[in-house]
Every structure is written in C-alpha cells, then in structure tokens.
Amino acid sequence: MSKDRLWLEAQRVDDQEDNEADGPEQDITIQSAIVGEEEESEASKMDFPTQMPLLAVRDIVVFNSMVLPLFVARDKSVKAIEAALNNNRYIFICTQKNEQVEDPGIEDIYQVGTVAMIMRMLKMPDGRLKILVQGLSRASLDRVLQEDPYPEVVIEPIQETEVSEMGNDEEAQMRTAREQTEKIISLRGMDPTEIMTVLNSVEDPGKLADLIASNLRMNTEVAQGILECYDPMERLRMVNQQLLKEVEVASLQSKIQNMAKEGMDKAQKEFFLREQLKAIKSELGEDESEEEEFEDLRKSIEKAGMPKEVKKEARKQFKRLESMHPDSSEATVIRTYLDWMVELPWKKQSKDQLDISKAKQILEEDHYDLDKVKERILEYLSVRKLNPKMKGPILCFVGPPGVGKTSLGKSIARSLNRKFVRISLGGMRDEAEIRGHRRTYIGSMPGRIIQSIREAGTKNPVFMLDEIDKVGADFRGDPSSALLEVLDPEQNHNFTDHYLNVPFDLSKVMFICTGNILDTIPPALLDRMEVIRIPGYTEQEKVRIAQRFIMPRQIQDNGLKENQVEITSKALSSIIRNYTQEAGLRNLEREIASVCRKVAREVAEGKEKQQFRVIPSNVHKYLGVPRYQEEEKEKELLPGVALGLAWTAAGGELLHVEVSTMPGKGKLITTGQLGEVMKESAQAALSYARSRADSLGVEPDFAEKNDIHIHVPSGATPKEGPSAGVTLVMALLSALTGTSLSNEVAVTGEITLRGRVLPVGGIKEKILAASAAGIKTVVLPAKNYKDFQEIPAELRKNVKLKTVEHIDEVWPVVTGQQELWEKSGAETSKKAVGNGAG
C-alpha cells in the first residue's frame with residue numbers, strides 16, 4: 001500500500017484540538033490501513049526494544065495495525081517524538097484518563113497502550129508536529145525511567161491468545177461483525193464494496209476486531225476496555241456489541257436526515273408553486289388583493305382609537321406580518337392578534353341615560369320591590385350626572401336562587417342605556433379564563449373578560465359576573481386571584497390580558513357580581529365589592545309579582561290570550577303554599593307554566609270555553625296532589641322537641657331539633673350531619689343546662705348518669721351555623737324537665753356559656769319561613785330588632801316578635817309557664833350562671 005495514501009487517514013488531535021475525524025474518513029482507514037496480511041508493513045514484523053519514549057494522547061485509543069495522523073504540541077510530547085526519531089522511531093502511546101489534564105503524569109494515563117512506529121513527521125508553521133503513526137503491538141507499562149525532559153518507560157509486550165480452530169461460533173461472530181460494519185457504511189451513504197473487500201480478507205478474529213474497533217466512535221473508556229482484552233474472540237464480541245449500538249444510532253441519523261430532506265423538498269415545492277400562482281394572478285390582474293388586505297388592516301389599526309403604547313405594539317406586529325409568508329403558522333397567529341386589537345372598543349362607549357325619573361320608571365317596570373337596589377342605581381346615576389369622570393361601581397347581589405339577581409342586571413343596563421354582557425363563573429378553575437392564554441401557540445385566545453368586552457362593542461357595558469361564590473381553583477391557577485385586578489377600581493384601568501399583552505381600561509365598566517352566599521367568596525375579593533342583599537319574597541309579594549310579570553309572560557309563551565285563562569289571587573296563594581317551597585320564584589313560574597300548558601292543550605283540542613278560571617278548589621286538577629301539606633308544623637310538640645329557624649342558600653327554613661335522654665355515662669351524641677359550629681353550640685347548650693340544673697329542678701348529676709342524643713331531621717342535608725344555639729338549649733331543657741314546648745313559637749340566636757343571646761343573620765328569610773309554616777311568635781336576639789324593622793309591614797303583621805338578651809327570657813315564651821319560671825328565681829340564676837360559667 002502506498003505511503004502517500006496514508007495521509008488520507010482521519011485526523012486525531014492530541015493537544016489543544018479535538019478529534020475532528022468523522023464517519024466517512026474513519027471508514028477510509030479500514031481500506032488504507034490493511035489491504036491484506038501479505039502487504040502488512042515490515043515494521044510490524046520487526047522485534048522492537050522494551051525501552052522507548054512515551055506519548056500521552058487524549059480522546060483516542062490506538063489499536064494494532066491502526067494508521068493515523070496526530071498533532072503534537074506539548075513540549076514533552078514534542079521532545080518524545082524527536083527522541084524516537086533520533087533513535088529507532090518506536091514510541092509507546094498511552095491514553096489519558098482525563099482529557100482535561102494539560103500535563104499528565106504517569107498516574108494520569110492508562111497502563112496498557114500500543115507500541116507504534118512513527119512513519120512520517122512534518123513540522124507545522126505554528127510550531128506543532130504532525131506525525132503519522134502505525135500501531136504494532138499491545139504492551140503494558142512496566143516502570144518509568146524518566147519524566148523530564150520527556151517521559152521514557154520500560155514496557156512489557158503482551159502476547160495475545162491465538163485462535164487454534166475456527167468453529168461455528170467464531171465464524172458467526174466474524175460474519176456478524178462484517179455484516180454490521182457493511183450496514184453502518186451503507187447507512188452513512190458510502191459504497192461498501194471496497195471496504196468490505198478489505199474486511200473479508202482478514203481471517204484472524206483479533207485483527208478483525210482491532211481493525212473495526214479502530215474506526216468505531218466510542219468513548220475512551222470503552223475503547224480502552226477493548227484494547228485491554230487479550231482474548232481475540234472475547235474482543236470480537238465486545239466489538240459486536242458496539243456495532244449494534246452504532247447501527248441503531250446510524251439508523252436514527254438516517255431517518256432524521258430523510259425527514260429533514262423531505263421537509264425541505266416539500267417547502268421548496270410549495271414555494272415554487274406559490275411563486276407560480278403569484279405569477280398567474282399577476283397575469284390575470286388579481287395580485288392586488290393581498291396588498292389591499294394589508295392596507296385595510298393598516299387603516300383599521302389607525303382608526304381603532306388605540307392608546308399610544310398600544311398602537312405602537314400593533315404597528316410593530318403589523319410590520320412583522322408584512323415580512324412573513326401569509327401561509328405560515330406564525331403569520332396566522334399575528335393576523336388573529338391584530339384582528340382582536342382592531343375590533344376592541346378602545347374609545348367607543350355608550351352614552352348614559354342620565355334622566356333619573358325615566359331610569360326609575362324602567363326599574364319599576366321590570367321589578368317589583370327591591371327598593372335598596374333601585375335606590376343604589378339611582379344614586380349612581382345622580383353622581384354620574386354631576387361627575388361624568390367617576391369610575392364604575394362594583395356591586396355584588398347576594399340572595400337565594402330565583403329572586404331575580406341576573407334579570408336585575410339586565411334592567412340596570414336598560415335603565416342606563418348600556419350594553420349588557422354576562423359570564424358565568426360557576427365551576428371556573430383556570431386562571432386563563434380570566435386573564436387569557438399567552439400567545440405561544442395556534443388557538444390561543446383572550447380571556448372571557450376581553451371576549452365579552454368585544455362582544456358588547458363598548459368599553460362601558462354593564463358586566464355581570466354570575467355565581468362568583470362558586471369559583472374553583474386547581475393546578476391551572478386561581479381565577480379568584482385574577483378577579484382581584486378586574487374588580488379593583490384602582491387597578492382595572494390598566495388591566496393586561498395575557499393574549500393582548502397590552503393594557504385595557506376597564507374602569508368605565510359597571511361590574512355586577514351575583515352569588516347565593518358570601519362564605520365561599522375569598523375575603524380579599526369580597527372587600528372590593530359593595531354587597532347588596534336580596535332576600536326572599538313574602539307570599540303577598542310573590543302573588544303580586546306573579547300577577548304583574550309571570551302570568552302575562554307565560555300566557556304569551558304558551559300561545560294563549562289574556563281572556564282565556566285566569567288564576568285568582570287565592571289560587572296563586574294556594575300554589576305558593578302547597579306546590580312551592582322556596583325563597584325565589586323559579587318553581588312558582590314552573591307551576592304557572594304547567595297550568596298554562598294544560599289550558600293550551602284544552603284549547604288546542606277544541607274545548608270551546610270563554611275562560612278557564614283557576615281557583616283554590618280546582619288547582620289540583622292542573623297540578624296534581626299538593627307537594628307540601630304544612631307538615632313542618634305539628635299540632636303538639638313532644639318533650640325534647642323545639643322549633644328553630646335556619647337560613648340556607650335557598651332561603652329560610654323551619655328547623656326541628658330533637659333531644660332524647662337515656663341511661664348512660666354522660667355521652668353527648670349528635671346526628672343529622674351537624675357541622676362543627678352546631679356541635680359546639682350543642683356542647684355549649686349542655687354546659688349551660690348543667691349550670692342551671694338547680695333552678696330547673698333537674699338532678700345536678702344528670703349529665704353523669706344519662707347519655708344525651710341531639711338529632712336534627714333531614715339527616716342527608718348538612719347543617720352548619722350558630723343560629724340553632726338557642727333552639728338547642730330549649731330542646732335540651734324540654735327533654736330534661738319533660739316539658740312540651742309551644743308549636744307556635746320558633747326561636748333563633750347564638751348563645752354563650754354565660755347565657756347571652758347573640759345576633760344572627762338572615763332575619764327576613766327566617767321570618768318568611770316562620771310565616772309560611774304558620775308560626776305565631778318568633779323569638780329573636782335583641783340586637784336583630786333593627787333587621788326586623790326592615791321587613792315589609794304586611795309580613796310583620798303575621799308574626800308576633802319577642803326580643804331577648806339572655807337565655808332566661810326565652811323559656812317562659814316557649815312554654816307559657818311564666819309563673820313557674822319566676823318561682824325558680826330567674827334573676828338569682830343569672831348571677832349563678834355568670835359566676836359558674838366564668
């Protein structure tokens with residue numbers, strides 16, 4: 001083999017430069033290094049001395065018969081080369097353990113290396129040496145003779161095991177190695193014919209393994225392991241394992257290259273076709289459409305009335321769009337973004353209706369009662385009339401379902417002459433629903449706030465956020481936290497949606513939130529809103545609302561005429577009492593709709609009748625058997641049963657509290673799904689009863705000899721709150737004394753261990769529930785008297801009010817045994833209770 005051809009070998013860098021050889025150049029080494037056993041270099045057959053210079057290389061392991069160029073720059077390495085050239089050209093090449101070490105010592109190199117012959121040397125202009133070496137034989141380092149000015153060592157040649165007989169296993173290993181090598185060369189896009197001729201001419205397994213290993217891409221640890229394997233067949237097996245890994249890598253590389261090539265071919269084809277299409281359109285005179293579209297978009301940006309900074313961002317994105325291909329995905333994202341920008345009402349707003357009397361007339365037309373809400377809206381209009389620059393209020397309507405919170409928002413918008421938009425927050429868990437999605441993928445869009453503003457077409461609509469008490473939270477964020485900025489008048493003038501990434505002014509929007517309860521609204525969010533409670537309606541109010549609003553609407557919806565059906569006031573009262581049990585009006589409207597549908601069917605079947613009149617005696621013909629028969633009020637209460645008043649999200653409710661005592665060891669049992677607050681109230685009631693045992697005529701040790709069971713019916717419904725405290729005390733005292741309480745008296749209030757009665761909420765709803773159940777007397781905490789005064793007069797007439805400050809004042813009212821109580825020394829007991837509980 002010609003020596004000139006050896007300079008085609010892949011380069012290996014020993015010092016500052018990395019190994020630059022890649023696959024195709026390394027494969028040429030196979031062809032150049034060994035053509036056959038007959039043409040083997042004479043140097044490899046010579047005996048070599050055991051003492052020679054040492055050359056430390058990095059990032060490469062030299063194998064037997066391997067021919068490769070090396071760049072040498074380190075001072076010791078240069079002197080070692082010069083010493084070898086001046087002597088017999090032999091040099092011992094070992095690999096560094098850590099290629100980062102600049103001046104390796106003996107401990108920094110592997111102890112097994114290769115004896116090589118320097119075949120050529122060339123001095124480079126930068127002072128480095130370029131040498132061409134050929135590996136001859138494996139050897140191990142015996143001892144070091146010197147380290148300066150260059151390392152010189154004594155080596156011990158390693159005699160390899162010879163394969164005595166080639167069996168099936170040996171033949172299979174050699175065939176596998178050749179086939180895997182051929183596959184790798186083919187995957188790299190080279191012609192394997194000539195190289196495979198070289199490999200097929202090598203019959204020795206050890207030489208075949210060294211030849212292939214010298215051209216594989218392996219890390220130095222793996223390559224050193226193969227070098228240190230002296231058994232030819234074991235070495236060939238190790239090489240086959242590396243060949244399998246290389247085949248997988250080469251296959252993946254080929255696949256990636258093919259995919260990239262296909263993508264480039266497709267893109268070039270599409271570009272060529274688009275250019276042809278553009279030329280065709282140009283010939284047909286149709287090439288101005290795209291330019292016209294861009295011009296229209298530019299004009300829209302200028303006319304949109306955007307603030308200065310917003311317009312700057314829109315112009316920037318427009319310039320980017322002009323430089324992009326119209327069919328690219330990024331161009332689609334930018335075009336959609338600009339469409340949103342130009343369609344938002346940056347300056348457009350409705351002109352408020354500032355005629356106070358006309359606004360009041362509209363509110364009265366749409367809703368009955370609700371004086372507080374109407375008064376608040378008229379106040380806003382009055383201030384708006386005097387100060388046009390005022391910020392929009394943020395109201396929160398709280399009340400049971402069906403009382404008209406949502407419809408009230410529509411009436412407010414109509415009275416203000418503004419657009420009305422609404423979004424439901426119930427079950428919302430993703431913060432992006434409020435703030436929008438970031439513009440990082442196709443399909444991203446603004447949040448519901450900006451979407452609704454665009455839908456309204458003005459920057460000052462009446463914006464209703466429904467069900468704000470039912471907002472959720474999960475790993476995607478907390479929408480209620482995002483609402484803090486929206487519902488803060490000091491911040492929402494600069495609201496930034498993630499999609500738009502520019503500020504939008506929400507300060508002119510009139511936000512109205514709705515909810516059933518306040519407990520689930522985060523305190524920070526609740527602090528930003530003006531809460532207006534909308535309690536339930538009385539029976540008389542429901543009758544009037546049904547006559548003024550529900551009846552005309554249902555008659556029209558069911559295709560009837562006004563003179564075809566009549567529901568009397570008493571019939572409406574019967575429907576309210578016997579077929580609905582709610583604070584709002586939804587079920588009432590359903591029942592009236594059911595009556596109208598049945599009348600419509602009779603009319604459609606041709607039953608001629610001037611007018612269908614619904615009265616209390618024939619209501620059941622239209623609605624069936626009454627659903628509620630006032631079973632809540634019993635004719636006589638057994639000892640241990642007391643009537644209380646509760647307040648839920650659905651309105652007021654009459655509550656039965658039952659207490660039973662039995663022989664035991666003083667255990668307190670509570671059932672009926674009572675919450676923690678109610679359980680604590682039960683414990684407080686028991687403690688109070690124990691402290692009052694003497695004055696009540698009860699054995700002082702009753703709590704030690706008896707188990708007390710407290711139960712609240714409707715066990716499937718969870719119950720919580722402090723309102724049942726007084727009721728629990730009365731039921732417990734009734735059970736202990738064996739006294740029946742009045743079935744016409746209901747109580748509510750929170751208690752303390754000292755016997756004080758504290759105020760509670762939901763007074764109107766509770767009075768409504770008491771009135772509907774036929775309760776004659778209601779016992780309230782004294783501090784709730786002001787709430788009772790706000791109840792309509794017609795409702796106050798139905799119940800007798802008794803206000804109390806101490807629990808001692810309740811027992812005479814619920815039992816009617818004033819004389820017995822006075823004899824027990826109530827005033828003295830107060831002091832005893834105070835001292836004992838304190």
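Guide: Contact here means heavy atoms within 4.5 Å, and helices (H or I, at least four residues) and strands (E, at least two) are DSSP runs numbered from the N terminus. This is a predicted model, in which local features need pLDDT of at least 70 and side-chain atom pairs count only at pLDDT 80 or more, while totals for chains, interfaces and linings use all residues. Residues are numbered from 1 along each chain as its sequence is written, and side-chain values use heavy atoms, with hydrogens and water left out.

The part I would look at is the meeting of helix H18 (residues 539-557) with helix H20 (residues 586-604), whose axes come within 10 Å and cross at roughly 45°; axes are lines fitted to C-alpha atoms, for helices over the stretch in contact, with angles from 0 to 180 degrees between N-to-C directions. H18 and H20 are therefore oblique to each other, since under 35 degrees counts as roughly parallel, over 145 as roughly antiparallel, 65 to 115 as roughly perpendicular and the rest as oblique. On the H18 side you will find Lys542, Ala546, Ile550, Met551, Arg553, Gln554 and Ile555, which meet Leu588, Glu589, Ile592, Ala593 and Cys596 of H20. Sorted by class, this contact has eight nonpolar, one polar and three charged residues, where Ala, Val, Leu, Ile, Met, Phe, Trp, Tyr, Cys and Pro count as nonpolar, Asp, Glu, Lys and Arg as charged, and the others, Gly among them, as polar.

Another pair can be read in the same way: the axes of helix H11 (residues 356-366) and helix H13 (residues 405-416) come within 9 Å and cross at roughly 155°, which makes H11 roughly antiparallel to H13. H11 also passes H13 in a right-handed crossing, with Ala359, Ile362, Leu363, Glu365 and Asp366 of H11 in contact with Ser411, Ile412, Arg414 and Ser415 of H13. By class, four residues of this contact are nonpolar, two are polar and three are charged.

Turning to strands, five of them form an open sheet in the order E9-E10-E13-E8-E14, with parallel pairing; two strands pair if DSSP finds at least two bridges between them. Strand E9 (420-424) and strand E14 (530-533) are the edges, each pairing on one side only, and the twist averages 20° from one strand to the next. Strand E8 (residues 394-398) pairs with E14 over four bridges, and valine 398 has arginine 533 of E14 as its bridge partner. Helix H15 (residues 448-456) lies across E9 and strand E10 (462-466), and runs at about 155° to E9.

Finally, how far should the model be trusted? The chain averages a pLDDT, the predictor's confidence in each residue from 0 to 100, of 81, and 88% of the residues score at least 70. Over residues 1-45, however, pLDDT stays under 50, and over residues 819-838 the pLDDT is also below 50. Where pLDDT is low, the predicted coordinates should not be read in detail.

Methods:
A crossing is left-handed if the near helix is turned anticlockwise from the far one by less than a right angle, and right-handed if clockwise.
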